[in-house]
Amino acid sequence: RGEMSSSVEVLMFHDVGEVKDYGPQKYSVTEEHFERVISSYAETHEFVSLEDVVAWLNGEKELHENAVAVTFDDGYLSTKEKALPVLEKFDAPATVYVPSNFLGVDSMYAFRLIHFLEKNEKIDFECNDETFSFNPESLEDRRQAYNEIKGVLRNLTVSKRQGVMDRIGAGHTSAGRLMDEEDIK
């Protein structure tokens, strides 16, 4: 069907859902945008698995010149609930990278933090014997608070991060939910 590939495109996604201009949701795409991208590639490219790409890199397989692979980082539940139906519609295989240290965690703390910052005008909490206080009234205030709090939490274990989120009242949200073991299967 034409020339063989000397390169392969890889489309990398994170979350399919609500897009924000800060935090992890700045890497999200809406459901509509995701379907437009996959539909557009389906018209001009041949979807291949990442396994095929690895075989191609090892010289074990040839790929069409317009080969494209799809990957997802972080194992968000939106991959199963929102992306998978689109991928199936266009017969596009995908690889999902699941961080094993988050198995059993309901949602990523960063999404919980964004939701919390949007709902609260004043935030005070202690962590590692330090007191933190924020007044996230504007978008810029929320961005700054998000970055500072994330910097504090970055050095904690997953369970301690979750503990801080629980302590300050940053409940779970539908955004940033992770796949559990059954979803992954």
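Is Val 98 buried, exposed or partly exposed? With a relative accessible area of 33%, Val 98 comes out as partly exposed (buried means under 20%, exposed over 50%, and partly exposed in between, with a 1.4 Å probe and protein chains only). This is a predicted model, so to speak of local features a pLDDT of at least 70 is needed, side-chain atom pairs count only at pLDDT 80 or more, and totals for chains, interfaces and linings use all residues. Residues are numbered from 1 along each chain as its sequence is written, and side-chain values use heavy atoms, with hydrogens and water left out.

As for the overall layout, the chain has seven helices and six strands (DSSP runs numbered from the N terminus: H or I of at least four residues for helices, E of at least two for strands). Going along the sequence, the order reads β-α-β-α-β-α-β-α-β-β-α-α-α.

Together with Val 96, Leu 103 and Ile 184, Val 98 makes up a nonpolar surface patch with about 260 Å² of accessible area. Patch members have over 30% relative accessible area and no salt bridge; like charges are joined within 9 Å, and nonpolar side chains (Val, Leu, Ile, Met, Phe, Trp, Tyr) within 5 Å. A salt bridge here is a side-chain nitrogen of Lys or Arg within 4 Å of a carboxyl oxygen of Asp or Glu, and areas come from the Shrake-Rupley method with a 1.4 Å probe, with only the protein chains shown as cover for residues.

Val 98 and Leu 103 also turn up in the lining of the largest cavity, alongside Asp 74, Gly 75, Pro 99, Phe 102, Leu 178 and Met 179. A cavity is a set of points, on a 1 Å grid over the protein atoms alone, where a 1.4 Å probe fits but cannot get out; lining residues have an atom within 4 Å of a point. The volume of the largest cavity is about 40 Å³, and the count is two cavities of 30 Å³ or more.

One of the lining residues, Asp 74, has a positive phi of about 85° without being a glycine. Asp 74 belongs to the loop between strand 3 (67–73) and helix 3 (77–89). Asp 91, also not a glycine, has a positive phi of about 50°. Asp 91 lies in the loop between helix 3 and strand 4 and is exposed, at 66% relative accessible area.

Terms used
On a 1 Å grid over the protein atoms alone, a cavity is a set of points where a 1.4 Å probe fits but cannot get out, and a pocket is an open set with protein on both sides within 12 Å along at least five of seven lines; lining residues have an atom within 4 Å of a point. Grid points are joined across faces, edges and corners, and a volume is the space filled by probe spheres set on the points.
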